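Please examine the sequence and the structure shown below. The paragraphs that follow lead through selected helices and strands.

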Amino acid sequence: MIETFVRNTVRAAESVRLLELGPADGIPLPGFGAGDHIDVTLAPGLTRSYSLVGTPERDPSSYRIAVALDPESRGGSRAVHESVHTGSRLVISEPAGGFRLMESAPHSVLIAGGIGITPILSMARRLTQLEAPWEVHYAARSRHAAAFLPELSALADSGAGGLRTYFADEDGPRALKIASLVADTSGEPHLYCCGPASMLADFEEATRGLGPDRVHLERFRGDLPPAVDGGFTVELARSGKALGIAPGATILDAVLDAGVDVDFSCMEGICGSCRTRVLAGEPEHRDTVLSAEERAAGDTMMICCSGTKGTRLVLDL
C-alpha cells in the first residue's frame, strides 16, 4: 500500500471532483497503464476503486482521479465530495486493472458515458503518444456534466484522433446509438466502453458477433445483486475456521467478521480484489470479472458477491 496526500482538488464538471494525489514520502509513484485503476481507502472498511486520469507514465510524480457524486452512494463518492480536502492523507494501492488498452490495434473506438470518460481519456492520451488512430464517442447529461471535455477537444483538434459528443439535453436521451456505431465500423478495430449499465448492455448486444479479443468494457457496478441467502458453511483452510453464512451476509462479511484479513475494494464483483481460490464446493458466480472458462473451472471466486450452489465451500484463506 502507498500513503499519499491530496495536493489539490478542483471541480472537473457538475458533481465531479478531480483529486491530485502525491506521494507522502516524495518517492515517485509506480507507473501505470491506460485504463488502470487504484484502490483508495477513504475510511476504515471503506475502499473504492477509481480509474487513473491522464497520460500513462513510468514514474509519475502524482496521480489524478475523478469522482462523480452518486445519488445512490454507499459512502465512497460522498466521502470524497464531503470529507477529502487538500492536505488529506489517503492510502492507495498500486495501479492495476483488467481494462487494458491493446496498443497494437489498427484502430481504437472508445465509448464513454458520464464519469466513464476517466479511463477512456487515458487511452486516448496513450494512443496519441503512439501516433495510433482513435475515435472517442462521449455521452453525458449535458456539457456542464461532461468532465474533461476541454482536454478531449484539444486532443481531437490537434489531429491526434476524433471526438463526437452526445448530450441528452441537446440531442435527446440515448442519442448515442451504439448498434449503429458498431455496424458502421470497418476493418478490425478494438472497441472499448465504460459507462452506466444501460450503455454497457447496448454495447454487449452490439458487439456480440465480434471476436471477444476485440471487445473491452469496464463496469461501475455488478450486473447481479450479491448472494446473501446464507444457509451454508464456508471453511477457511489456512485459518482453520468454519463460518456459518447467515441470511443477509456475504462470504466477505463473514470472513471479515471472523478477523481474517483479505483484500477487497468494490464489494460488487467488478474489481477482482477479493478473488479467492476455491478448494472444494461449487461457487455461484455473480461477478463480472471471471471469464466463462474460469467460471466453469470453479476453482476461484469473488467472495464479495458470489455464493455457492451447495451447502459447503472450502476456501484457500
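The structure is a predicted model. Helix α2 itself covers residues 117–130, and its 14 residues should span 20 Å at 1.5 Å a residue; this agrees with its end C-alpha atoms, which are 20 Å apart. Among the buried residues of α2 are Ile-117, Ile-120, Leu-121, Ala-124 and Leu-127. In an α-helix there are 3.6 residues a turn, so residues three or four places apart point the same way.

The next topic is an open sheet. Its 5 strands pair in parallel, in the order β9-β8-β7-β10-β11. Strands β9 (162–167) and β11 (215–219) form the edges, each pairing on one side only. From one strand to the next, the twist averages 10 degrees. Strand β8 (residues 134–140) runs parallel to β9 and is joined to it by 6 bridges; Ala-139 stands opposite Tyr-166 in β9. Helix α3 (residues 149–157) packs on this sheet, touching β8 and β9, and its direction makes about 145 degrees with that of β9. Helix α6 (residues 197–206) lies across β7, β8, β10 and β11, and runs at about 160 degrees to β10.

Strand β12 (residues 232–236) shows two kinds of pairing. With β13 (residues 241–245) the pairing is antiparallel, over 5 bridges, and Ala-242 is the bridge partner of Glu-235. In this hairpin 4 residues lie between the strands, and Gly-240 takes a positive phi near 70 degrees. With β18 (residues 312–315), β12 pairs in the parallel sense over 4 bridges. In a regular strand, side chains alternate between the two faces of the sheet. In β12, Phe-232, Val-234 and Leu-236 form the covered face, whereas Thr-233 and Glu-235 form the uncovered one.

Conventions. Residues numbered from 1 in each chain as written. Predicted model: local features only at pLDDT ≥ 70, side-chain atom pairs only at ≥ 80, totals over all residues. Heavy atoms only, no water. Buried < 20%, exposed > 50% of the residue type's maximum accessible area, 1.4 Å probe, protein only. Pairing = 2+ DSSP bridges. Expected span 1.5 Å × (residues − 1). Axes fitted to C-alpha atoms, helices over the stretch in contact; angles between N-to-C directions. Contact = heavy atoms within 4.5 Å.
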